[in-house]
Amino acid sequence: MKTVKIPDTDLILSGIGLGTAQAGIRWSGESGDRLLETYLEAGGNIIDTAHVYSDWVPGEIARSERVLGDWIRRRGRRDDFILMTKGAHPRFESMTTGRLSKEEVTSDLDSSLEKLGVDYVDVYFYHRDDESRTVEELIETMEDFRRAGKIRYYACSNWSTARMKEADAYCEKKGYRGFVANQAMYNIGVKYMGTYPDATMVICDQEMLDYHKNSKNLLIPYMGICGGFFHALAKKGQEAMKDNCFCTEGNLRVAEDLSKLCSEKGWSMTQALLGFIATREFAMVPLAAASNEKQMADLTATLQTEFSAKDFEMFQEL
């Protein structure tokens with residue numbers, strides 16, 4: 001997969017970023033170190049985490065960041081990858097209540113830096129938005145972090161297209177680089193997906209795709225492999241997956257075409273799903289996770305595969 005350079009930055013990203021939401025739950029320590037190093041050795045260079053990752057399991061706070069921080073300390077370097085983390089996520093018990101005051105975001109960022117054991121992060125994301133606050137306020141908070149040397153660049157996750165456009169206009173007026181990336185849900189199954197259970201997660205629709213075509217704000221899709229739906233459907237069958245939001249008539253047809261494509265190309269389902277994203281009409285860099293060596297082998301094989309838009313012609317309507 002090709003690398004992607006974000007315009008007006010020095011950031012050159014690998015074709016797939018490694019998501020680490022399961023760090024500290026499904027992997028950590030020496031086995032986790034092996035997963036991370038295998039990803040880097042295969043040409044990956046994006047380690048993506050968040051201040052809330054793994055906190056849905058009772059116990060240690062900022063568990064994912066702490067696991068990554070331990071790895072960074074053990075290896076003694078961080079100059080061969082791009083470190084991304086996110087803050088300002090709502091409390092899990094009150095997901096519709098924003099946490100984007102400067103005090104809250106500063107607290108999250110300082111905690112992230114401590115857990116990660118670093119002085120700065122390469123890209124810092126607002127994990128959610130709070131439309132009761134102006135984009136001017138939120139951008140200036142990020143600019144203060146940048147000027148203080150705590151972050152190199154800033155970005156957003158789960159923001160609407162309209163709010164990103166507002167932020168772009170303000171940054172252009174002020175002469176700021178602005179958001180360098182946007183994380184939103186996008187994959188081969190979103191067009192036919194039913195209602196997703198977390199309404200605060202923003203799905204990349206046609207309006208957002210049109211925005212990114214001509215924007216310096218890179219789209220970084222999360223849930224690029226549809227939460228494992230198509231993998232599980234192939235193994236367990238439709239009855240076992242009937243309650244999954246991706247289990248719709250449209251996606252069952254997509255599943256048939258994916259099965260044919262995998263057979264023709266000798267690809268795994270992961271390769272087909274991430275290859276779809278890699279061959280869209282403009283560059284985007286999906287996130288994917290791996291919790292064991294088998295999954296990591298699949299991910300690194302995908303990272304090292306060349307995909308062609310012609311391979312995915314059957315999915316043009318998506």
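Start with the lining of the largest pocket, which by class has 19 nonpolar, 16 polar and eight charged residues. The model on screen is a predicted one.

**The largest pocket**

To find the centre of this pocket, select M223, I225, G227, G228 and A289, the closest to it of the 43 lining residues. The space inside comes to about 1,300 Å³. Next, colour the elements that give two or more residues to the lining: α7 (229-236), α9 (269-278), β10 (287-288) and α10 (293-303). Which of the elements gives the most to the lining? Select α7, which supplies six residues.

**The second largest pocket**

Now select Y186, L209, R280, Q316 and L318, which lie nearest the centre of the second largest pocket. Its lining has 19 residues, and the space in this pocket is about 390 Å³. Sorted by class, the lining residues are nine nonpolar, three polar and seven charged.

**Helices α5 and α6**

Show helix α5 (residues 161-174) together with helix α6 (residues 206-213). Their axes cross at roughly 25° and come within 10 Å. Because angles under 35 degrees count as roughly parallel, α5 is roughly parallel to α6. For the contact itself, select T161, M164, K165 and D168 on the α5 side, and E207, M208, Y211 and H212 on the α6 side. These residues of the contact divide into three nonpolar, two polar and three charged.

**Helices α1 and α2**

Move to helix α1 (residues 29-41) and helix α2 (residues 63-75), whose axes are 10 Å apart. The angle at which they pack is about 75°, and so α1 is roughly perpendicular to α2. From α1, the residues in the contact are G29, D33, L36, E37 and L40; from α2, select L68, W71, R74 and R75. The class count for this contact is four nonpolar, one polar and four charged residues.

**F81**

Is F81 buried or exposed? Its relative accessible area is 5%, and the cut-off for buried is under 20%, so F81 is buried.

Show the residues that F81 touches, leaving aside those up to four places away in sequence: L40, N45, I47, W71, I72, R75 and D122. Among them, L40 also belongs to the α1 side of the helix contact, while W71 and R75 belong to the α2 side. End with I47, which is 34 residues from F81 in sequence; in space, the C-alpha atoms of I47 and F81 are 6.9 Å apart.

Definitions and conventions: Residues numbered from 1 in each chain as written. Predicted model: local features only at pLDDT ≥ 70, side-chain atom pairs only at ≥ 80, totals over all residues. Heavy atoms only, no water. Axes fitted to C-alpha atoms, helices over the stretch in contact; angles between N-to-C directions. Helix = DSSP H or I, 4+ residues; strand = E, 2+ residues; numbered from the N terminus. Parallel < 35°, antiparallel > 145°, perpendicular 65-115°, else oblique. Contact = heavy atoms within 4.5 Å. Nonpolar A, V, L, I, M, F, W, Y, C, P; charged D, E, K, R; others polar. Buried < 20%, exposed > 50% of the residue type's maximum accessible area, 1.4 Å probe, protein only. 1 Å grid on protein atoms, 1.4 Å probe; cavity = no way out; pocket = protein on both sides within 12 Å on 5 of 7 lines; lining within 4 Å. Points joined across faces, edges and corners; volume = space filled by probe spheres on them.
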